[in-house]
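My notes follow in the order in which I made them.

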Amino acid sequence: MTSLINNILTFFYMLIGATFLIASIESARDKTNSTRWGTATFWLIFAVIFGVGQWLPNAVVGALLLVIGALSLLKQVKVGHIKSLNKEVSEASAKRLGGWIFLPSIILAVTAILVAQFTPFGGQVGIGVAAIVSLIVAMWLTKAGGKTVYEDSQRMVRSVGSAGILPQLLATLGVVFTASGVGTVTAKAISSVFPVGNHLLGVVLYCVAMAVFTVIMGNAFAAFAVITAGIGIPFVVAQGGAAVVVAALGMTSGYCGTLLTPMAANFNTLPVALMEMKDPLGVIKQQAPIAITMLIIQIILMYVLAF
Amino acid sequence: MEYIKLIGVLVIILGFAFKLDTVAVVIISALVTALASGIDFTKFLEILGQGFMDNRMVSLFFLTLPMIGVIERHGLKESAVSLIQKLQNLTPGRIFDIYLLIREAASLFGISLQGQVQFIRPLINPMAQAAASVETKLTNKQVDRIKARSAATENFGNFFSQNLFVASAGVLLMASTMKSLGYKVSPNGIALYSIPVAVLTIVLVFWYNHMFDRQLLKEGKNND
């Protein structure tokens with residue numbers, strides 16, 4: 001069963017590789033992009049890693065990632081020009097379909113949960129199956145053909161861009177940190193100040209650290225790997241806290257930090273520019289009471305639910 | 001000097017704080033951490049490569065993009081807009097309430113719209129301003145506050161409900177990171193334990209919006 005699941009997952013990763021390949025081809029064809037070759041290489045490398053990575057030595061994959069890092073550092077990766085959608089088509093289609101346009105999304109979520117819950121294949125296969133089923137429904141509903149799917153795949157992947165690959169890179173960073181013993185050092189440093197073993201103190205420490213680190217970095221995903229390894233595991237999970245609760249509420253504590261920081265520019269400063277607001281911190285000021293209250297709620301929930 | 005291992009954390013903090021390219025910052029942080037901890041370069045490449053391969057599940061959400069792209073082309077946004085435009089004769093706070101509900105429902109089904117660009121500026125903000133100016137003329141300060149609250153509502157809905165969807169990047173990142181740290185956690189479980197947060201957000205923000213309306217009303221009376 002495990003090997004069957006792994007084979008199915010490998011197939012899904014190869015499909016993802018195919019969408020990256022499409023993004024690479026279309027990036028190369030985008031003559032308006034001054035860095036089109038760098039961008040095409042960026043996507044091609046990910047296409048290779050997802051398509052055939054399992055047959056490559058790990059060190060080769062690692063080296064390819066360093067190339068990705070170099071391309072990004074030298075600013076050779078840009079989204080480029082993406083053709084905007086035809087408003088007439090979408091308006092006419094919205095008129096024809098009405099609320100049915102939401103059907104594929106509902107099928108996606110429901111199928112993913114059903115496969116995870118009621119088959120032995122598990123959650124990851126569920127997501128892949130749900131993505132394919134919902135795409136077929138969407139094609140049937142909108143009468144979209146292969147060409148449209150190709151076009152929309154490259155458009156979506158390219159516009160998500162390097163931000164889309166960042167979560168996986170952050171998870172990888174977590175692995176490197178663990179292998180280097182960063183978590184152990186952090187845990188040791190903190191336990192010299194705070195005693196390990198007190199459940200409430202551990203929960204407060206972890207949730208507040210998630211929020212504070214996110215305020216500094218502007219990104220809860222980045223804080224998650226570091227803070228969970230350094231504080232969440234030794235101070236909460238190792239003390240008997242349920243890992244699933246700690247993860248879910250720990251990340252949300254980070255989101256409370258996101259709501260409080262100008263570092264999260266997309267969320268807190270972009271609207272200031274979009275709506276020509278006078279107060280650059282206006283959005284954060286409106287968010288602060290809720291963010292702080294929610295952080296306290298996360299702490300209470302984690303303390304109650306994890307133990 | 002064991003604390004030298006924390007140099008990668010410093011790189012991340014400074015790199016993000018100075019808004020350097022995030023992908024590059026993450027990879028540099030990994031490199032310096034490994035080297036500072038006495039891991040040799042070849043070994044580092046192996047750990048990096050294997051870590052990336054082991055965490056491929058985090059990127060599974062890419063598989064959902066073609067479908068989202070197709071429905072977006074065929075009027076996803078337009079249908080959502082006409083749904084929201086049906087909200088007539090409401091106070092600003094009520095408009096925010098209903099937008100929050102729609103936003104959380106969308107998250108539940110994995111629809112992540114660029115809310116600030118697609119809905120807040122062109123739709124929710126003007127609707128809330130129009131609703132607020134029925135009773136009284138708005139001051140510049142009030143206009144600014146309505147704008148800020150419109151944007152805040154989108155962020156509340158986005159952040160406190162995105163973990164409800166099992167194939168969201170955040171949920172997959174958590175499951176994968178916990179696996180790397182030696183704890184098996186299912187995406188379904190994470191989504192399940194995210195429900196209380198989503199529900200409490202609705203309760204709390206509804207009350208917050210109610211206070212928003214009351215304050216506008218009070219200020220309106222003082223203006224007259």
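**Notebook: helix packing and cores**

I began at B:Lys19, which comes just after H1(B) and takes a positive phi of about 55 degrees. I note that helices (H or I, at least four residues) and strands (E, at least two) are DSSP runs, numbered from the N terminus. This is a predicted model, in which local features need pLDDT of at least 70 and side-chain atom pairs count only at pLDDT 80 or more, while totals for chains, interfaces and linings use all residues. Residues are numbered from 1 along each chain as its sequence is written, chains are lettered from A and ligands numbered from 1 in the order in which they are written, and side-chain values use heavy atoms, with hydrogens and water left out.

**Helix H1 of chain B**

I listed the buried residues (under 20% relative accessible area; exposed is over 50%, partly exposed in between, with a 1.4 Å probe and protein chains only). In H1(B), residues 7–17, they are B:Gly8, B:Val9, B:Ile12, B:Ile13, B:Gly15 and B:Phe16. Their cover includes H8, H9 (182–191), H10 and H11 of chain A, together with H2 of chain B.

**Chain A overall**

I found 15 helices and zero strands in chain A, whose C-alpha trace spans about 60 × 55 × 45 Å along its principal axes. Buried residues make up 54% of its 307 residues. For contacts (heavy atoms within 4.5 Å), I looked at pairs in chain A at least 6 apart in sequence, and 70% of them join residues at least 24 apart.

I also checked A:Val208, which lies in H10 of chain A, residues 199–217, and which counts as partly exposed because its relative accessibility is 32%. Its C-alpha atom is separated by 8.3 Å from that of A:Gly254, 46 residues apart along the chain.

**Two helix pairs between the chains**

For axes I used lines fitted to C-alpha atoms, for helices over the stretch in contact, with angles running from 0 to 180 degrees between N-to-C directions. H8 (residues 162–180) of chain A and H3 (residues 41–54) of chain B pack at about 135 degrees, with their axes 8 Å apart. That angle makes H8(A) oblique to H3(B), given that angles under 35 degrees count as roughly parallel, over 145 as roughly antiparallel, 65 to 115 as roughly perpendicular and the rest as oblique. By class, their contact has nine nonpolar, three polar and no charged residues, where Ala, Val, Leu, Ile, Met, Phe, Trp, Tyr, Cys and Pro count as nonpolar, Asp, Glu, Lys and Arg as charged, and the others, Gly among them, as polar.

H3 (residues 58–73) of chain A and H2 (residues 22–36) of chain B also pack at about 135 degrees, with axes 8 Å apart, which makes H3(A) oblique to H2(B). Here A:Leu65, A:Leu66, A:Ile68, A:Gly69, A:Ser72 and A:Leu73 meet B:Val23, B:Ala24, B:Ile27 and B:Ile28, giving eight nonpolar, two polar and no charged residues.

**Cores**

Which residues touch the most other members of the largest nonpolar core? A nonpolar core is a set of buried Ala, Val, Leu, Ile, Met, Phe, Trp, Tyr and Cys residues joined through side-chain atoms within 4.5 Å. Of the 142 residues in this core, I found A:Phe20 and A:Phe46 to be those two, and H11 (residues 220–237) of chain A gives the most to it, with 13 residues. Leaving aside its neighbours within four places in sequence, A:Phe46 is in contact with A:Phe20, A:Leu65, A:Ile68, A:Ile165 and B:Phe52. Apart from this core lies another, of 26 residues, among them B:Ile84, B:Leu87, B:Ile146 and B:Ala148.
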